[in-house]
Amino acid sequence: MPYRIAPDIYVYQSSMWQTNSAVIINQTANLVIDPCYFPAEIRIIADFVNRKRSFNRYMIFTHSDFDHIVGYQNFKNYKLVAHEEFAFCDRDSQLIQLNEIDQSYYVLRTPPFVFPDPEITFQGTYRISISGDELLLVHAPGHTGDCIFVISLERGIMFAGDYLSNLEFPFVNFSTAAYKKTLDLAGKLVRDHNITCVVPGHGDIADGREEIFDRIESDREYLVSLTEWAQDLFVQGLQTREITEVLSGLPYRNRPIEGVMLKMHIENIKLVISELQSF
C-alpha cells in the first residue's frame, strides 16, 4: 500500500533497497517519479495511476541509475523528463548491474528493459505546472552528474533521489566537490521553499525540518572528513593502499561503516584519491 504524504501525493516503497517511487495525481496530471523495482511492485503503481487518466502524463527520473528507471515501460504515453546529462550516463554499466541482479533473483521483465530516451531535458532548472501546484526540477550533481531534486512548491515536499537517506551515507559516483555543493543547495532550497518533507530515493521519509537538516549536516560532515583526511594523508606521501586502509575506519554518524556499506565507502575513498591525483 502507498504512503500518502499529501492529498494528491503518494509514495511506494520497494522491498529492494527500500527504493521509493512517488506518484502525483490531480485534476490535470498523472505524474510518476522513479518507477521501481520488481515487476509486481511496478504493476501495482501503474494500476493505481491508471485509475485516473489525464492528458498530461509525466515520468520524472531523478537520475539514470537503473534502480530508479527500471519500471518506466509499464506506463504508456508518458512524457519522460530528465536532466540533459542523462544522455551521457554509462548505459552499459547500468544494464550489466540490472541484469546481474535480475538473474540472481530470477526476475523476468516483460517487455525486456530498454534504456529510456527522455523527450524533455533541461540544464539548470525546469518547471511543470499542474492543478494547484508547480513542480520545480533543479540540477543537483554529485551522486551522479545528472541528479535532480524535484520540489512540490505548493506542498513543501522535495523528492531527493539518491540524497539525504537515513540508510546510506553519500555514495559519490561523480564528484565530491559537486556533492558538497549539492548539500549546500539542498539546505538553501529547504529554506527558500519552506520544505518540510524530503522523500529520499531509499529509506524513510524525512518529516520535519529538524530531521532534514540533520541529514544534510551528517552527510556534509562525512564528506568533509573524508576529503580533508585524504588530502592530509596524500600530502604526507602515503600510497593509495595506505590511505585506503586508514580511511576505511572513518565513521558515519559516529558509527563504524561495516558490511556491504564498507565496499561503497572504499569506492568513495578511491574516488577522492583519484581527484587528488588529478590536480
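How many of the seven residues of strand 9 (residues 133-139) are buried? In this predicted model, five of them are, and strand 9 is mostly covered.

## Strand 9 and its partners

Strand 9 pairs with strand 8 (residues 125-130) in the antiparallel sense, over six bridges. Within this pairing, Ile130 stands opposite Asp133 of strand 9. The two strands form a hairpin with two residues between them. Gly132 lies in the turn and has a positive phi of about 70 degrees.

Strand 9 is also joined to strand 10 (residues 148-152), by five bridges, and these two strands run antiparallel.

An open sheet is built from seven strands in the order 1-2-3-4-5-6-7, and its pairing is mixed. Strand 1 (3-6) and strand 7 (120-122) stand at the edges; each has a single partner strand, so one side of each is left without a neighbour in the sheet. On average, neighbouring strands of this sheet are turned by 20 degrees against each other, direction ignored.

Ala82 stands opposite Thr121 of strand 7. Helix 1 (residues 39-49) lies across strand 2 (9-13), strand 3 (20-25) and strand 4 (29-33), and runs at about 10 degrees to strand 3.

Asp162 is found in the loop between strand 11 (157-161) and helix 4 (176-192). Asp162 is buried but has no salt bridge. Arg215, the nearest side chain of opposite charge, is 11 Å away.

The side chain of Asp162 does make polar contacts with histidine side chains: one of 3.2 Å with His143 and one of 3.1 Å with His202. Leaving aside neighbours within four places in sequence, the residues in contact with Asp162 are His63, Asp65, His68, His143, Tyr179, Gly201 and His202.

## The surroundings of Ile195

Ile195 is placed in the loop between helix 4 and strand 12 (197-200). With a relative accessible area of 0%, Ile195 is buried. Beyond its neighbours within four places in sequence, Ile195 is in contact with several residues, including Ile151, Gly156, Ile157, Met158 and Arg209.

Arg220 is 25 residues from Ile195 in sequence, and the two are 19 Å apart in space, C-alpha to C-alpha.

Conventions:
Residues are numbered from 1 along each chain as its sequence is written. This is a predicted model: local features need pLDDT of at least 70, side-chain atom pairs count only at pLDDT 80 or more; totals for chains, interfaces and linings use all residues. Side-chain values use heavy atoms; hydrogens and water are left out. Two strands pair if DSSP finds at least two bridges between them. Helices (H or I, at least four residues) and strands (E, at least two) are DSSP runs, numbered from the N terminus. Axes are lines fitted to C-alpha atoms, for helices over the stretch in contact, and angles run from 0 to 180 degrees between N-to-C directions. Contact means heavy atoms within 4.5 Å. Buried means under 20% relative accessible area, exposed over 50%, partly exposed in between (1.4 Å probe, protein chains only). Lys and Arg count as positive and Asp and Glu as negative; His and the chain ends are not counted. A salt bridge is a side-chain nitrogen of Lys or Arg within 4 Å of a carboxyl oxygen of Asp or Glu. A polar contact is a pair of N or O atoms within 3.5 Å; within protein, one must be able to donate a hydrogen and the other to accept it, and residues adjacent in sequence count only if both atoms are side-chain atoms.
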